[in-house]
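Visitor: I'd like to learn how to read a few features off a structure. Could you walk me through them?

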Amino acid sequence: MLIYPLAFLVTLGVLVTIHELGHFVVARWSGVRIVRFSVGFGKPIWSRFDRHGTEFALAAIPLGGYVRMLDERDADAGVEIRRGDVTYTKLSVWWRMAIAVAGPFANFVLAAVAYWCLAVAGTVNLVPMIGELEETSPAWEAGMENYREIVAVDGRPVKTWQEVVMALSNRLGDSGEIQLGVREFGDDAATTVAVPVRDWLRGVADPDLLDSLGLAPAHLAVVGLVQADGPASRGGVEVWDRITAIDGVPVEDWPAMVGEVQGSPGRATEWTVVRRGVTLILSVTPDSRVLEDGSEIGFVGIGWATNQVRYGPLEAVPRSLAETGSKTLLMLDHLKKMFVGAVSVRNLGGPITIAKVAGDSAQAGWRVYVGILALLSISLGVLNMLPIPMLDGGHVLYCLAELIGRRPVPERVQLVGAQVGLLVVGGIIMLVLINDIARFM
């Protein structure tokens, strides 16, 4: 149980620190005096001062942070204004806008760096395969055949189920046709199946994108690797063969196949495989392996069908930028659809959801965790750029108004804006908390 709060604190700590560091770096470049850099709200539980007099603090409430810059009004708050100090209100409108934008920009940079690391390290994922379709499913009615690999969604190439889901999520609430590129295992040529949708999952909370189309992932016993001179290779097994039965016993999925193989060490077995639509009968004799406990199992030297994606350091740069850009556009599209009611606001998550996702991804491995961290970082960047007072986007809005009107926004207007912003942000917080309680309690 400790994994979830620890993952939550680490995740939020990284996201907030990077966000505030963006504000801090640009503010330091502008020459303004920075009074405090705080991760967390409330009373500091740890702090230290640098040579510029800036206090770096770690506060008790880990739900955000802030960079406090010197303001002429700080004299009334007990902050000494020294000779030569530059205050925030004396900065040009361009510097103030740059400081506001720098926080969200830092979150986008963090996401791009995370995706670059994943691209260079490489990922191994199961091939997105479907099994036997239900005859009432939209995919079946659109003409899709059983046992196919999904290779594209609306013309966008996909290699993993995660990419399939992300591509499909672009169509939430839409009407029209979803173009699915599919092919038979082992074939190079793909065909396109147009699945008609109308107000697809409009307003549905926690929509199941795959199940709604009938695209349930299948763990089929499809061979993706054959060891040279291994038992399977000697028996004539080839890559992309789909094993359907061993000794007449139906093989529903990969684990079932493994169980049959391990239970037949040194004994000739009859395999029924489907190769590019043709059913073949092969004879495979598993080798014998002795485990540490003395038990004996069978082994044939095959691996599951997977896609390995890896890029060089330079190749990974445009890939990571494109991934960050596409995820950002996707989140903006979802916000737009939430505003018009095409996507339910019940899909928004709060701190409990973040803790759950962070904890689950941390247990699933560092690659999954880094991918989730990138998505959350983009979410934080997008959220803060909304034109709502109290958020960075609100500050940018005031700066734009000042540029157009050629004078600062009156303090009275800013005060009213702050109250409206507080109401909106407070409403969002209440909404995500209610969603969390309904989702997990």
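Guide: Happy to. Let's begin with burial: a residue is called buried when its relative accessible area is under 20%, exposed when that area is over 50%, and partly exposed in between. Keep in mind that this is a predicted model.

Visitor: Then is Cys399 buried or exposed?

Guide: Cys399 is buried, because its relative accessibility is 3%. Cys117 has a relative accessible area of 32%, so this cysteine is partly exposed.

Visitor: And how many disulfides does a search of the whole structure find?

Guide: Zero disulfides turn up in the search.

Visitor: Next, nonpolar cores. Which residues of the largest one touch the most other members?

Guide: The idea is to follow buried nonpolar residues that are joined through side-chain atoms. Here the largest core has 26 residues, and those touching the most other members are Met144, Ile150, Val153, Leu168 and Leu215. At least two core residues come from each of strand 5 (148-153), helix 4 (161-169), strand 7 (176-183), strand 8 (191-197) and helix 5 (209-213). Helix 4 provides the largest share, four residues.

Visitor: Which residues is Leu168 in contact with, leaving aside its neighbours within four places in sequence?

Guide: With those neighbours set aside, Leu168 contacts Val153, Ile178, Leu180, Trp200, Leu209, Leu210 and Leu213. There's also a second, separate core of 17 residues, with Ala232, Val237, Ile246 and Trp271 among them.

Visitor: Now salt bridges. How many does the structure hold?

Guide: There are 18 salt bridges. For each one, check the N to O distance, then ask where the two partners sit in the sequence. Take Arg96 and Glu402, whose closest N and O atoms are 2.9 Å apart. Arg96 belongs to helix 2 (residues 93-121) and Glu402 to helix 11 (residues 392-405), so this pair ties together parts that are 306 residues apart in sequence. Arg96 is buried at a relative accessible area of 11%, and Glu402 is buried too at 14% relative accessibility.

Visitor: Which residue does Asp241 form a salt bridge with?

Guide: The partner is Arg275, with the closest N and O atoms 2.7 Å apart. Asp241 lies in the loop between helix 6 (231-234) and strand 10 (242-246), while Arg275 lies in strand 12 (residues 269-275), so the pair ties together parts that are 34 residues apart in sequence. Asp241 is buried, with a relative accessible area of 0%, and Arg275 counts as buried at 16% relative accessibility.

Visitor: And where do Lys337 and Asp333 lie?

Guide: Both are in helix 8 (residues 316-340), four residues apart, about one turn of the helix.

Visitor: Which residues are linked with them in a network of salt bridges?

Guide: The network of salt bridges links Asp333 and Lys337 with Asp154, Arg171, Asp174 and Lys336.

Terms used
Residues are numbered from 1 along each chain as its sequence is written. This is a predicted model: local features need pLDDT of at least 70, side-chain atom pairs count only at pLDDT 80 or more; totals for chains, interfaces and linings use all residues. Side-chain values use heavy atoms; hydrogens and water are left out. A disulfide is a pair of cysteine sulfur atoms within 2.5 Å. Buried means under 20% relative accessible area, exposed over 50%, partly exposed in between (1.4 Å probe, protein chains only). A nonpolar core is a set of buried Ala, Val, Leu, Ile, Met, Phe, Trp, Tyr and Cys residues joined through side-chain atoms within 4.5 Å. Contact means heavy atoms within 4.5 Å. A salt bridge is a side-chain nitrogen of Lys or Arg within 4 Å of a carboxyl oxygen of Asp or Glu.
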